[in-house]
Amino acid sequence: MDISQLEHVARAMVAPGKGILAADESSPTIAKRFAAVSVASTEENRRAYRELLFTTPGLGEHIGGVILFDETLRQQTSDGVPMATVIERAGIVPGIKVDKGAKALAGFPGERVTEGLDGLRDRFAEYVEMGARFAKWRAVIDVSPDVPTPFGVHANAHALARYAALAQEAGLVPVVEPEVLMDGDHSIERCAEVTEEVLAAVFSQLHAHRVVLEGMVLKPNMVISGLQAEHRAGPQEVAEATLRVMLRHVPAAVPGIAFLSGGQTEPEATHHLSLMNRIGGAPWELSFSYGRALQQTALRTWAGRPENVAAAQQALLRRARLNGLARSGRYDPADEAA
Ligand code: 5MM
């Protein structure tokens with residue numbers, strides 16, 4: 001394992017002004033996203049949509065990494081260029097989602113654990129061969145009054161750390177994604193409590209598995225009220241609570257924290273990130289790894305029509321630029337109207 005190379009790639013993914021485009025929707029998830037804009041989830045439509053995203057002129061200005069799904073890494077543009085090559089040529093690091101999704105945790109009703117460790121060492125070797133330079137694994141933590149249990153948290157943290165150690169062994173930077181879901185009516189305080197428990201377990205397991213913190217990126221949820229909460233905390237409160245929890249649990253050796261958007265609207269996700277960067281004083285890069293919060297308008301604009309490709313690329317670029325501003329706390333919600 002070349003630690004300096006891992007650190008170099010990790011730092012490029014979250015370089016100042018930049019973040020990550022999460023385009024690794026699995027087949028069921030992309031089918032859901034396409035259905036919302038009445039596009040059939042055929043292999044060709046998925047390929048065309050991802051080509052649109054990755055060939056956006058100027059994307060590399062604010063995007064340092066792109067996460068791909070297995071199918072996409074094996075696809076080519078209409079000109080016959082492999083997707084990973086297109087991404088590299090744009091000055092962006094290509095990565096691959098390697099988890100096989102969250103499944104019910106036997107014996108623990110309401111909890112899930114992410115699968116995909118079997119055969120992972122061999123899959124990593126193939127992904128490296130195909131041009132991936134980082135990997136991603138997502139753990140899903142549901143929130144209810146009795147969930148998560150300490151065992152559920154431990155099972156997910158253990159799997160994340162096993163994955164991360166294998167990724168580094170293969171020379172890939174692990175993006176470690178423990179997502180405390182926004183679904184539910186829980187308060188921001190409850191989200192903070194669960195996120196603290198999860199991050200404490202994750203970093204304890206990463207240490208136990210000898211994962212080199214300098215060669216990874218953390219992709220956590222923000223500390224935020226549940227989507228159905230009666231009183232949802234405002235942006236400044238979200239920024240302060242998130243920063244407080246991260247400062248308590250994320251070692252300064254980690255190069256970057258790239259937040260997921262998790263169901264926030266595009267402007268909300270950008271605003272929260274900007275406020276955190278405005279507070280300042282963080283020892284890590286405070287960045288983004290958004291899926292929906294980068295793609296929503298672009299996907300709606302495209303809606304499966306080739307004549308809309310340029311407009312959809314403009315929409316993606318605009319979100320990337322606004323999040324680029326948020327990286328240094330310079331985003332103003334008024335920019336949305338401009
Ligand atoms: C893009 O969606 C990713 C894959 O999800 P599935 O395995 O469920 O298809 C997901 O891991 C994503 O990278 C993160 O949730 C961040 O995306 P959002 O939309 O929450 O920013």
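This is a predicted model: local features need pLDDT of at least 70, side-chain atom pairs count only at pLDDT 80 or more; totals for chains, interfaces and linings use all residues.

Guide: Residues are numbered from 1 along each chain as its sequence is written, and side-chain values use heavy atoms, with hydrogens and water left out.

Visitor: What volume does the largest pocket have?

Guide: Rolling a probe the size of a water molecule over the atoms shows where empty space is left. On a 1 Å grid over the protein atoms alone, a pocket is an open set of points with protein on both sides within 12 Å along at least five of seven lines, a cavity is a set where a 1.4 Å probe fits but cannot get out, and lining residues have an atom within 4 Å of a point. Grid points are joined across faces, edges and corners, and a volume is the space filled by probe spheres set on the points. For the largest pocket that gives about 900 Å³.

Visitor: Which element gives the most to the lining of the largest pocket?

Guide: The lining has 38 residues, and S26, T29, R33, K97 and R138 lie nearest the pocket's centre. Elements that give two or more residues include β4 (102–104), β6 (134–141) and β7 (173–180); helices (H or I, at least four residues) and strands (E, at least two) are DSSP runs, numbered from the N terminus. With four residues, the top contributor is α2.

Visitor: How many residues of that largest pocket's lining are charged?

Guide: Asp, Glu, Lys and Arg count as charged; Ala, Val, Leu, Ile, Met, Phe, Trp, Tyr, Cys and Pro as nonpolar; and the others, Gly among them, as polar. The lining of the largest pocket has 11 nonpolar and nine polar residues, and its charged residues number 18.

Visitor: Which residues come nearest to the ligand, and which polar distances go with them?

Guide: A residue is near a molecule if one of its heavy atoms lies within 4 Å of it, and 18 residues are around the ligand. The nearest residues are S26, T29, K136, S261 and G262.

Visitor: Which element gives the most to the lining of the second largest pocket?

Guide: This pocket holds about 200 Å³ of space. Its lining has 13 residues, with R33, A36, R292, Q296 and L299 closest to the centre. Two or more residues come from each of α2 and α11 (292–302), and the element giving the most, five residues, is α11.

Visitor: Where is the cis peptide bond?

Guide: Most residues other than glycine have a negative phi, and most peptide bonds are trans. P148 lies in the loop between β6 and α7. With omega near 10 degrees, the cis bond runs from V147 to P148.

Visitor: Is S38 buried or exposed?

Guide: S38 is found in the loop between α2 and α3 (43–54), and its phi is positive, near 55 degrees. Buried means under 20% relative accessible area, exposed over 50%, and partly exposed in between (1.4 Å probe, protein chains only). Because its relative accessible area is 71%, S38 is exposed.

Visitor: And A303, buried or exposed?

Guide: A303 also has a positive phi, of about 45 degrees, although it is not a glycine. Its place is in the loop between α11 and α12 (309–326). Since its relative accessible area is 18%, A303 is buried.

Visitor: Which residues is T72 in contact with, leaving aside its neighbours within four places in sequence?

Guide: T72 lies in helix α4 (residues 70–73) and is buried, with a relative accessible area of 0%. Contact means heavy atoms within 4.5 Å. Those neighbours aside, the contacts of T72 are R50, F54 and M83.
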